[in-house]
Amino acid sequence: MTDILPDETRRFLRAAIPEPDETLREMEERGEDFPTVGREVGQFLRLLARAVDAKRIFEFGSGFGYSAYWFAGALSEDGEIVLTEYDADELREAREFLERGGFADRAVFENGDANETIDRYDGPFDVVLVDHNKDGYPEALGAVREKVAPGGVVVADNAMVSGIQDFDAILAALEGDDPEMDDETRGIAEYLLTMRDDPAFETSVVPLGEGIAVSYRK
């Protein structure tokens, strides 16, 4: 994970949140060679889910279930989180981790393309996390926009950096220029511009992890 905050600031943020449970610590060890949102973002995601009293959550890209585990801790037993992952082995790991944490009963595990999976689901969703292929962010938003509940939130990870997209090009686009971009960078830029200018949402970019764009459905 590429950090956007100074080390001391990140240490401060980490020290100010509770220690994760044993399963999350094991997931963090697993995540040393796999990109995750990280502990600070995970705690923030759980807080968001609690703040909107989330009953249904949808993830575009779940990996081995790290962000879903954080979310699941905010759901009641009759809540639901839909995990989507193209890699069947990673999705199997996600199921195992959520089972160990006691959250599998409120999780649905979907193997395949998240942008296709969402078409099979009706809304509303109280929280949506977009965290899959970066060039697919605009398509994901288009597919889920009308399924976000009023008072719900859409969160996009890697809004600022990821080791793939061009930070300077995204900034230039947000400031009104038209720089050359690769597909991943353009996907992030288009997503941020669309959300910024959509009157149905209020959006702020939070500099945690690699940057998360949080959009509230009015």
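**A walk through a predicted chain**

At 5% relative accessibility, Asn-158 counts as buried, where buried means under 20% relative accessible area, exposed over 50%, and partly exposed in between (1.4 Å probe, protein chains only). Asn-158 sits in the loop between strand 5 (148–156) and helix 8 (167–174). Its phi is positive, about 60°, although it is not a glycine.

The model is predicted: local features need pLDDT of at least 70, side-chain atom pairs count only at pLDDT 80 or more, and totals for chains, interfaces and linings use all residues. Residues are numbered from 1 along each chain as its sequence is written, and side-chain values use heavy atoms, with hydrogens and water left out.

Asp-53 also has a positive phi, of about 50°, and is not a glycine. Asp-53 lies in the loop between helix 3 (39–51) and strand 1, and at 48% relative accessibility it counts as partly exposed. Another backbone feature is the cis peptide bond that joins Gly-123 and Pro-124, with omega about 0°. Pro-124 belongs to the loop between helix 6 (114–117) and strand 4. For background, most residues other than glycine have a negative phi, and most peptide bonds are trans.

Now consider the whole chain. The protein chain has 9 helices and 7 strands; helices (H or I, at least four residues) and strands (E, at least two) are DSSP runs, numbered from the N terminus. Buried residues make up 53% of the 218 residues. Along its principal axes, the C-alpha trace spans about 50 × 40 × 30 Å. A compact globule with 218 residues would have a radius of gyration near 17 Å, and the 16 Å of this protein chain agrees with that. The radius is taken over C-alpha atoms, and the globule rule is 2.2 Å times the number of residues to the power 0.38.

What lies inside? The largest nonpolar core has 36 residues, and those with the most contacts inside it are Ile-57, Phe-71, Ile-81 and Leu-83. Helix 4 (residues 66–72) gives the largest share of this core, 6 residues. A second, separate core of 29 residues includes Ile-118, Val-128, Ala-169 and Ala-173. Such a core is a set of buried Ala, Val, Leu, Ile, Met, Phe, Trp, Tyr and Cys residues joined through side-chain atoms within 4.5 Å. In soluble globular proteins, nonpolar side chains tend to be buried together.

Which residues does Ser-62 touch, leaving aside its neighbours within four places in sequence? Ser-62 is in contact (heavy atoms within 4.5 Å) with Leu-83, Thr-84 and Glu-85. Ser-62 is found in the loop between strand 1 (56–60) and helix 4, and is buried, with a relative accessible area of 6%.

Asp-131 is in the loop between strand 4 (125–130) and helix 7. Beyond its neighbours within four places in sequence, its contacts include Phe-60, Tyr-137 and Asn-158. Asp-131 and Phe-60 are 71 residues apart in sequence and 5.6 Å apart in space, C-alpha to C-alpha.

Finally, helix 7 (residues 137–144) and helix 9 (residues 183–197) pack at an angle of about 40°, with their axes 7 Å apart. Axes are lines fitted to C-alpha atoms, for helices over the stretch in contact, and angles run from 0 to 180 degrees between N-to-C directions. Helix 7 contributes Tyr-137, Pro-138 and Leu-141 to the contact, while the residues from helix 9 include Ile-188 and Tyr-191.
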